[in-house]
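Have a look at the model first, then read on.

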Amino acid sequence: MSRQGSRGFWPLRDLPVLVWLAATVVVALVHPFVPAPRWLMIHLLMLGAVSHAILVWSRYFTDALLHSADEDRRGQNRRLLLLNGGVTLVVAGVPSDVWPLTLLGATAVGSAVLWHGWTILRQLRAALPARFGPSVRYYVAAACFLPVGAGLGTALARGLADPWHTRLVVAHAAVNLLGWVGLTVVGTLVTLWPTMLRTRIATGSERAAARALPVLVCSVLVTAGGASAGLRLLAAIGIAGYVSGLLLTAPAFVDALRRKPPTEFPAWSVLAGLTWLVVTLVTLDAGIGAASSWPRVHEVFGWLTPFLAAGFAAQVLLGALSYLVPVALGGGPTPVRAANAVLDRGAPLRLVVTNVGLLLCALPVPSTVRVLASILVLVALASTLPLLLLAVRASRSAKAHPTSAREGPRVPPGRPAGQISGLAATGLSLVVMAVAAGVAVDPAAIGGNTASAAAGVTATGETTTVEVEAHDMRFTPATISVQAGNRLVIVLTNTDEEDVHDLVLETGANSGRLSPGETARVEVGVVGRDLDGWCSVIGHKQMGMVLTVHVTGAVNAPATAAGSSGGHAGHEHGPGGNDGDPSPAETGDTEPTPAADNLDLMADPSPGWAARDAALPPLPAVSSSRVHRRTFVVRDVVREVAPGVTQRLWTYGGTAPGPVLHGRVGDRFEITLTNDGSIGHSIDFHAGALAPQRPMRTLAPGQSLTYRFRATRAGVWMYHCSTMPMSAHIANGLFGAVVIEPPHLPRVDRSYLLVQSELYLGNQGGEVDVTKLAAEDPDLVVFNGFANQYDHAPLTARVGERVRVWVLDAGPNRPTSFHVVGGQFDTTHAEGTYLLRRGHGGAQSLGLQAAQGGFVELTFPEPGDYPFVSHLMIDAERGAHGLFRVTP
């Protein structure tokens with residue numbers, strides 16, 4: 001062991017573990033501010049960090065337990081490279097929706113682990129009988145499970161419909177967590193646990209481990225099989241069997257614990273992790289047994305998964321590394337003590353913050369408190385990473401200066417009780433401060449809004465808890481009945497597969513935005529009158545996503561000022577003039593200004609403003625690739641849409657309209673869409689013909705997909721967000737144009753693209769006003785996203801030049817009649833066909849309905865300014881106006 005340690009062999013192989021852990025921490029810490037899929041965090045930890053550690057340390061223990069060594073280090077390095085490469089492909093392939101990439105990554109991961117298991121099995125068969133051979137069999141059994149889990153994960157990435165998706169998620173998690181990780185941990189701790197406590201291994205522990213292995217293996221199979229078959233009772237029996245298998249090994253663990261209680265961080269961390277495993281499995285078993293449907297099982301599993309990952313897997317991994325790395329570094333007792341002293345720094349504080357913080361996250365606390373507690377947990381767990389690096393440095397320093405190390409003060413094996421209690425109290429104080437800060441930020445979440453709901457009714461002391469699902473633009477149930485005077489708690493779960501939802505009550509109580517699968521508690525307080533609630537995501541309320549709280553058992557008292565109908569109306573529109581934001585009363589901000597109040601179409605744009613370039617991007621050379629690859633990132637941006645008027649637009653790539661695509665018939669397009677917005681979005685390309693279910697599906701914030709289509713027909717094609725309500729998503733900026741030229745299209749001197757759209761202004765800096773949108777009452781009708789912009793920056797041409805103007809009506813509601821004042825068209829083309837060819841007469845306008853496109857061609861006879869407009873004149877006066885400036 002010391003020979004390997006002196007060459008830095010094992011610690012060097014642990015570096016990828018630290019990298020995966022660091023990536024997990026970074027993603028988790030930014031998650032409250034830039035939402036990332038929970039899937040990503042779990043897999044960075046479990047598939048990346050934990051799996052790499054298993055491959056390294058199970059080989060290390062196999063050599064030690066069998067008293068034999070497999071010197072095939074080159075093969076081990078190849079397995080680790082194959083594993084980490086596969087994990088990288090998986091975490092890249094799933095969010096980008098490139099299934100072949102996911103398949104390749106999962107195959108690499110499964111192959112590396114199978115290769116690892118086969119190597120250990122060969123070593124086990126070749127070795128002489130050993131007392132702890134059963135522990136090595138745990139590693140072989142665990143290696144058989146991960147390829148199955150990888151296969152289930154690959155099937156899930158393909159996009160299975162329910163009920164298969166929900167069932168296989170549970171089966172996938174059971175195989176990977178309980179089979180691959182759980183078996184490895186149990187097999188290792190049979191010998192590692194008493195070693196960490198520096199006590200002898202209990203007599204008969206190896207026999208108990210041998211008896212427990214088949215029970216644990218069969219239990220994983222029963223759990224996964226029951227989930228796959230849709231048999232909830234069978235899955236619950238499997239979980240119960242797994243807990244029974246753990247109990248078979250418990251006497252040996254307890255015996256070691258009784259003889260030598262933990263005194264250092266590694267043992268305490270492992271003990272805490274095992275406690276979370278048992279408690280979580282018992283809770284999961286009860287949840288599966290009580291669940292009324294598989295979606296409910298999925299919710300229970302999804303709720304418990306972070307506790308299995310952070311509470312069990314992360315704590316066991318960090319505890320084991322904190323003990324093993326100093327030992328593997330070797331060099332004798334002094335360097336080991338030096339490294340251990342570093343890794344034990346602040347242990348009581350770190351342990352208390354981690355475990356009390358996790359417990360707080362499991363309780364029904366306000367969402368702000370939960371976010372702050374989770375950040376504390378992450379920081380506490382992440383603190384082990386720099387300590388591991390400092391421990392390596394301390395060990396090397398002790399090796400380099402052995403004399404001074406021996407002469408220096410001896411590191412005590414423990415710390416004074418007062419110091420331990422002081423650090424633990426500090427950790428507890430940090431968690432309490434997180435609770436206080438969360439309540440201070442969101443007092444309504446603990447009943448700060450109860451006065452408006454109670455309406456003077458006498459409290460009964462009873463609590464009514466109601467579970468509500470948000471799905472398909474509806475709350476289920478949509479009406480809640482509660483006894484007058486009861487305290488009401490609404491547990492809201494977003495069971496939609498794609499879209500973001502929330503629940504806002506007229507009192508100001510709200511759930512916060514929930515991504516698919518997330519759950520929140522809304523503490524309404526004592527209720528004495530009927531209440532209205534709704535989803536505040538743009539347009540969702542107008543589509544019927546409303547909820548009513550109906551009070552029974554007493555006549556409603558008159559509403560208080562805060563809860564009156566007038567107060568309710570104050571929540572009808574947020575700063576965007578819509579249901580997309582909280583009202584000023586909720587935020588404490590001053591009353592927002594309607595953007596239409598600032599509207600002056602005769603004013604000059606703000607300093608630094610630049611018009612959108614209307615020139616059609618050139619076609620790629622004929623000899624170049626016929627595949628157009630682009631990345632569109634959905635972002636919420638604040639943009640000026642008229643002089644002095646700003647709106648918070650949803651955009652493809654930061655502009656509205658989005659990027660222009662220009663190609664020929666037969667070209668292929670590969671567009672990667674990433675949703676970095678605040679709610680769910682999607683994309684629909686009219687230029688392609690394909691089944692819409694998968695490529696046009698809504699992406700939750702943080703998700704990606706790749707949309708592939710072949711342009712088979714010419715025209716000016718619209719693309720847009722197809723997430724409901726579609727009108728709001730288009731009106732708020734998510735649209736653009738694809739220009740596919742007809743074959744043999746004649747050359748022209750200048751080619752421009754104008755996309756007409758409407759703006760239904762909310763408040764200044766806010767989002768679309770869905771009330772105006774529903775009434776089809778736009779404030780602005782514009783070309784290329786800004787009112788009258790080409791009056792301020794005219795399009796240019798010369799006398800006699802041939803000019804082609806491509807026109808798309810993006811709507812979402814208004815048609816256009818495109819006209820150039822003082823000009824005549826000699827060519828018009830609409831919706832894939834020529835209406836007029838050059839030399840066969842003239843045309844004065846090109847009429848297009850919403851989502852239709854075409855082009856016109858003309859020449860200008862003399863210098864001057866030629867206005868172009870939509871000849872629906874009210875729209876020209878709303879901003880659909882510009883100039884051609886023609887020079888000699």
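This is a predicted model: local features need pLDDT of at least 70, side-chain atom pairs count only at pLDDT 80 or more; totals for chains, interfaces and linings use all residues.

Helix 7 (residues 133-157) and helix 9 (residues 205-229) pack with their axes 9 Å apart and at an angle of about 10°. Helix 7 is therefore roughly parallel to helix 9, a label for angles under 35 degrees. Axes here are lines fitted to C-alpha atoms, for helices over the stretch in contact, and angles run from 0 to 180 degrees between N-to-C directions. Helices (H or I, at least four residues) and strands (E, at least two) are DSSP runs, numbered from the N terminus.

Residues are numbered from 1 along each chain as its sequence is written, and side-chain values use heavy atoms, leaving out hydrogens and water.

Next, the sheet. Its 6 strands form an open sheet in the order 18-17-20-25-22-23, with mixed pairing; two strands pair if DSSP finds at least two bridges between them. Strand 20 (residues 802-811) pairs with strand 25 (residues 853-859) in the antiparallel sense over 7 bridges.

Finally, the cysteines. Two of them are buried (under 20% relative accessible area, 1.4 Å probe, protein chains only):

| Residue | Relative accessible area |
|---|---|
| Cys361 | 9% |
| Cys721 | 0% |

Across the whole structure, the search finds 0 disulfides, meaning pairs of cysteine sulfur atoms within 2.5 Å.

Methods:
Angles under 35 degrees count as roughly parallel, over 145 as roughly antiparallel, 65 to 115 as roughly perpendicular and the rest as oblique. Buried means under 20% relative accessible area, exposed over 50%, partly exposed in between (1.4 Å probe, protein chains only).
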